[in-house]
Amino acid sequence: MTSTDLPPSKLGTKQHWDEVYSSELVNFADIGDEGEVWFGEDSVEKMVDWALENIPTDPAPYILEVGAGNGNLLFALCDAGYAPEKICGIDYSEDAVKLARAIAKAKAARPAIEEEEEADVGETQASLPDGTAGITFNTCDFLRDEVPRLPGMSPEEDPDAAVWDFVLDKGTFDAIALAEKDADGQAPADGYPARIGRVVKPAGYFLITSCNFTEDELKARFANEDTGLEYHSRIAWPTFSFGGRSGNVYSSVAFQKV
């Protein structure tokens, strides 16, 4: 499938996502609603399970999510044992970044509040601080900007060096594929796979979950000489049948940098 097979949609515009996250930021401030989990909690659990099966938490890998939204996937990875100071989420919507930071701050405050409540009822066991506050969230247009590095990354003198051990995408490529072509007639999605290949370290991994592309289509897009990625594995999803054909609602595919 080429990106031209998908008609442009408001879901492919920055204006749409700015409006979505502006609203969700207000809702979080008012009622504590963290916002929608794209593709549902199952997608988060499956991607975290894949990570735990394939990428050790020690030594801690550098993890990047492209299009992190409210940060739910990265919070789950932190809860699973990955070092928060080596986790980064980027999004081109400034309010998405503000929302993720606000949620992280609230999560970090909860153990202290719970500890005070336990003390009030005579409990003496102290709770540990929530590490999600250590996750970095940055505003970044992945197709145009260089991804900001985390402290301790090297070699800092080479801005083009691939430095991420594990890169994730949960619905971001889907949204980019719904964007309008630029003034030169180029679809933004066409440059996305090579951009991913630039940031994944040799022997590092890229894991993507999509609702618009099949497993074979994702393989064709990302496993090629331009990206330097090769197919590694897949995450199984329940299948459905319709009109004599079977398929999946979502496709999750992992690639490794050669």
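**A walk around the aromatic rings**

Let's start with a group of rings: Phe142, Phe173, Tyr192, Phe206, Phe213, Phe222 and Phe255 make up one aromatic cluster. Keep in mind that you're looking at a predicted model. Across the structure there are 16 aromatic pairs.

Let's pick out a couple of those pairs. A pair of aromatic rings is described by how far apart the centres are and by the angle of the planes. Take Phe39 and Tyr250: their centres are 4.8 Å apart and there's 35° between the planes, which makes the pair tilted. Now look at where the two partners sit along the chain. Phe39 is in the loop between helix 1 (14–31) and helix 2 (40–54), while Tyr250 is in the loop between strand 8 (245–248) and strand 9 (251–257), so this pair links distant parts of the chain, 211 residues apart. Is Phe39 buried or exposed? With a relative accessible area of 14%, Phe39 counts as buried, because the cut-off for buried is under 20%.

Tyr250 also pairs with Trp237. Here the ring centres lie 5.0 Å apart and the planes meet at 65°, so this pair is edge-to-face; the angle needed for that is over 60 degrees. Trp237 sits in the loop between strand 6 (229–235) and strand 7 (239–242), 13 residues from Tyr250. Trp237 is buried too, its relative accessible area being 12%.

Rings can have charged neighbours as well. Find Lys219: its charged end sits over the ring of Tyr231, 4.1 Å from the ring's centre. Then find Lys14, whose charged end sits over the ring of Tyr92, 6.0 Å from the centre of that ring.

How values were computed:
Residues numbered from 1 in each chain as written. Predicted model: local features only at pLDDT ≥ 70, side-chain atom pairs only at ≥ 80, totals over all residues. Heavy atoms only, no water. Phe/Tyr/Trp six-rings, centres within 6.5 Å; stacked < 30°, edge-to-face > 60°. Helix = DSSP H or I, 4+ residues; strand = E, 2+ residues; numbered from the N terminus. Buried < 20%, exposed > 50% of the residue type's maximum accessible area, 1.4 Å probe, protein only. Lys NZ or Arg CZ within 6 Å of the ring centre and 35° of its normal.
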